[in-house]
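Trainee: I want to learn how to read charges and salt bridges in a model. Where do we start?

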Amino acid sequence: MKHFDKHNILKDNKHGFRKRRSCETQLLTTVHELLSNIAQKNQVDIILLDFAKAFDKVPHRRLLHKLDYYGDRGQTNTWIQSFLEKRHQQVILDGAKSATADVLSGVPQGTVLGPLLFLAHINDLPDRITYSSSKLFADDSMLFRTIQDDSDRARLQEDLGALEQWEHECQMSFNPSKCTVIRAVPKGCKPIPTQYQLHGQTLETVEGSKYLGVTLTETLSWDTQTPPAQRPTGPWVS
């Protein structure tokens with residue numbers, strides 16, 4: 001991590017497993033950007049992306065190649081390779097054991113090193129995005145763009161297509177059935193109808209969805225977070 005910090009390797013929009021970056025910093029910066037666009041009377045289409053078995057799918061050989069690219073070479077790379085390889089797994093059910101199988105992918109969860117290795121593997125994901133903004137917190141990813149006409153929708157869809165290519169190259173995958181779209185629309189404005197596809201499947205458009213424990217809604221209101229009796233009151237509350 002010292003090496004990554006010294007050379008500014010990790011992307012600035014990644015907030016998970018890093019010092020001075022947390023759920024709170026991710027939510028604050030993300031919601032600020034979204035509300036800034038809403039304040040300018042722009043619709044913002046938000047796509048919440050769901051990795052399928054994210055930590056279990058990281059391919060060891062490609063990960064080691066990326067670490068070498070980022071400067072983790074020589075003995076350090078060999079040590080990490082030793083940490084990842086020669087792991088086995090089996091299933092035990094009612095006292096019966098399955099045959100053992102080699103573990104060829106995945107970062108060991110519950111370890112100190114595992115989260116950093118995952119960050120390194122998905123670090124180049126934002127580089128594939130040309131027209132939109134992205135936010136990453138561990139395996140929780142978000143893509144969003146202001147929408148003024150159909151050309152904006154097409155650009156956001158193009159970025160989704162670029163992420164499909166990234167999936168193929170990095171041997172990772174998103175689960176389209178769990179990816180959702182939120183249209184954040186300024187008050188009094190008519191929503192611009194949009195749809196997006198991932199792997200040929202139309203993503204579900206919802207009024208609100210959980211992101212890092214907070215419900216993001218199409219109005220970007222906080223009313224869903226607490227019961228009415230617990231909400232603060234006063235002239236400072238908008």
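Mentor: Start with the counting rule: Lys and Arg count as positive, Asp and Glu as negative, while His and the chain ends are not counted. The place of a charge is NZ of Lys, CZ of Arg, CG of Asp or CD of Glu. On that basis the chain has 29 positive and 28 negative side chains. The centres of the two sets lie 5 Å apart.

Trainee: What should I know about the source?

Mentor: This is a predicted model, where local features need pLDDT of at least 70, side-chain atom pairs count only at pLDDT 80 or more, and totals for chains, interfaces and linings use all residues. Residues are numbered from 1 along each chain as its sequence is written, and side-chain values use heavy atoms, with hydrogens and water left out.

Trainee: How many helices and strands does the chain have?

Mentor: Helices (H or I, at least four residues) and strands (E, at least two) are DSSP runs, numbered from the N terminus. The chain has 6 helices and 13 strands. Its C-alpha atoms fill a box of roughly 60 × 45 × 40 Å along the principal axes.

Trainee: What share of the residues is buried?

Mentor: Buried means under 20% relative accessible area, exposed over 50%, partly exposed in between, with a 1.4 Å probe and protein chains only. Of the 238 residues in the chain, 44% are buried.

Trainee: How many salt bridges does the structure hold?

Mentor: Side chains of opposite charge can pair when their charged atoms come close. The cut-off for a salt bridge is a side-chain nitrogen of Lys or Arg within 4 Å of a carboxyl oxygen of Asp or Glu. The structure holds 9.

Trainee: What does the salt bridge of lysine 11 with aspartate 127 tie together?

Mentor: The closest N and O atoms of lysine 11 and aspartate 127 are 3.4 Å apart. Lysine 11 lies in the loop between α1 (2-6) and α2 (23-39), and aspartate 127 in the loop between α5 (113-121) and β6 (133-137), so the pair ties together parts 116 residues apart in sequence. Lysine 11 is partly exposed, at 22% relative accessible area.

Trainee: Are aspartate 152 and arginine 145 buried or exposed?

Mentor: Both are buried. Their side chains meet in a salt bridge, 2.7 Å from N to O.

Trainee: Where do aspartate 150 and arginine 153 lie?

Mentor: Both lie in helix α6 (residues 150-170), 3 residues apart, about one turn of the helix. Arginine 153 is buried, at 19% relative accessible area. Elsewhere, salt bridges that share partners join Arg145, Asp152 and Arg155 into one network.
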